[in-house]
Amino acid sequence: MSIPGDLKYTKSHEWTRSEADGTVTVGITHHAQELLGDMVYVETPAVGRQLAAGEECAVVESVKAASDVYAPVAGEVIAVNADVVDAPEKINQDAYAAWMFKIKPSNPDDLSGLLAASAYQALVESEAH
Amino acid sequence: MLKQTPLNQTHRDMGARMVDFGGWDMPVNYGSQIEEHHQVRRAAGMFDVCHMLVVDVTGSGIREFLQTLLANNVDKLKEPGKALYSCMLNPAGGVIDDLIVYFMREDWFRIVVNAGTADKDVAWMEQERAAHAPQLTIRPRRDLAMIAVQGPQAREKVWQAIPAARAATESLKPFQAAEFDQYFIGRTGYTGEDGFEIMLPVADVADLWKTLNTLGVAPIGLGARDTLRLEAGMNLYGQDMDEDVNPLEAGLAWTVELTSPRDFIGKPALLAKPVKMQMLGLVLLDKGVLRGHQKVATPHGAGEITSGSFSPTLNQSIAFASLPLGVAVGDVVQVEIRDKLLNAKVVKLPFARNGKSLINI
């Protein structure tokens, strides 16, 4: 599956989408869900929580393993996706549609530190070896 | 360098995700492991268990040797072909491994041991043989491959794939095996379903695997193998017991035969040790997933989960827990998951058998 070119990524396998209103939507990548396998539990951060960049703020659990999800940038949690909490398998079905939470970044410039699709692709390929 | 089974390339060709399992390059899943789990409960699936080791013991006086070597009593094996599940203990009463022993003839018993412990098992058996039964021969059989075919349709599929197997194995009862042509087939498994474990020459295994697949038997990875055995209430060596665990505290008392006067390795140590813990099942009542090593709080003291996962049959998280004596089936205990205490109900094992949940909460 191709890595969407309009998104930005982290080394810890989160995807981010910059929205027109300045907020950032966050999920985990297709590659991450493929490694974890069938998802059975999702825990999202509380709305209103202030996150530091790189902070553990959500959890995804597959049948196999639990994995932390990290804040891609610092900011405030302004929304969470109740649909993936109710139906974690949506992450397996379409990882880039199954967003987990939205952040209002403390500093919009932080987004420039995220990986472009090509850099993330290279990371995934390097991990395969 | 990881060890490979004779089916390694076949797994890759079938799209398996491969993982390092105790030094072996093994398939963890081919697609959805939950679907693989259901396939075994509802129809038939097959497992590569070539990493496990077949050990043949031959010579005269095997029965006496095994009565000392094993915690279960091979005297229960009267009919040729009968199998017995047993632990092999160290002198301190800890579990060196759990295994299945088949009685074929008075001068031939076959033992199947776990992959990760195979080398130390053979070394231990060899040491005991040299000291107490030098007339016996202990022969590891890496020339044999092994696959398990499990599920309500498993036996029928095996009979279609190996026509001669029908006559040879149709009358086998559970935990009984037969040998014919190049095959050794036991009505055993690690899923809680009916089925066979088939041993055959390494050169023939890939063809049998492919034939079974064309008959609709799905390949099943280690991921589903774990959730199937967990639902079936079957211990996993290295997680639920090891050399530091008392089998009487790990749900294995039924396999340790203490009533006969025979002496076996580990028996004096077991009799001298007080039993303080018990192995019971947990079903998580709150949302989350139970995992090994999570702490359990009970009114009788602390316990710990030894194996936990998500049960596809119950659609809930389940676990085995080592709990203090005094905790009873029906109690609600608290499991520490990250920064929360979640409620779990204590249940009797197993959770599921023959396609059905045995839990009613």
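So, the buried residues of helix α4 of chain B: B:A118, B:D121, B:V122, B:W124, B:M125, B:E128 and B:R129. Buried means under 20% relative accessible area, exposed means over 50%, and partly exposed is in between, with a 1.4 Å probe and protein chains only. Helices here are DSSP runs of H or I with at least four residues, strands are runs of E with at least two, and both are numbered from the N terminus.

Quick note: this is a predicted model, where local features need pLDDT of at least 70 and side-chain atom pairs count only at pLDDT 80 or more, while totals for chains, interfaces and linings use all residues. Residues are numbered from 1 along each chain as its sequence is written, chains are lettered from A and ligands numbered from 1 in the order written, and side-chain values use heavy atoms, leaving out hydrogens and water.

Back to α4(B). What do its buried residues pack against? Among the partners in chain B are α3 (62–69) and β5 (83–89), with contact meaning heavy atoms within 4.5 Å. On the face turned away from the buried side, you'll find the exposed residues B:D119 and B:A131.

Now on to α8, residues 222–231 of chain B. Nine of its ten residues are buried, so the helix is mostly covered. After it comes B:G233, with a positive phi near 75°.

Last stop: B:R41, which sits in helix α2 (residues 33–42) of chain B. B:R41 counts as buried because its relative accessibility is 5%. Its side chain reaches the backbone oxygen of B:T191 at 2.7 Å.

How values were computed. A polar contact is a pair of N or O atoms within 3.5 Å; within protein, one must be able to donate a hydrogen and the other to accept it, and residues adjacent in sequence count only if both atoms are side-chain atoms.
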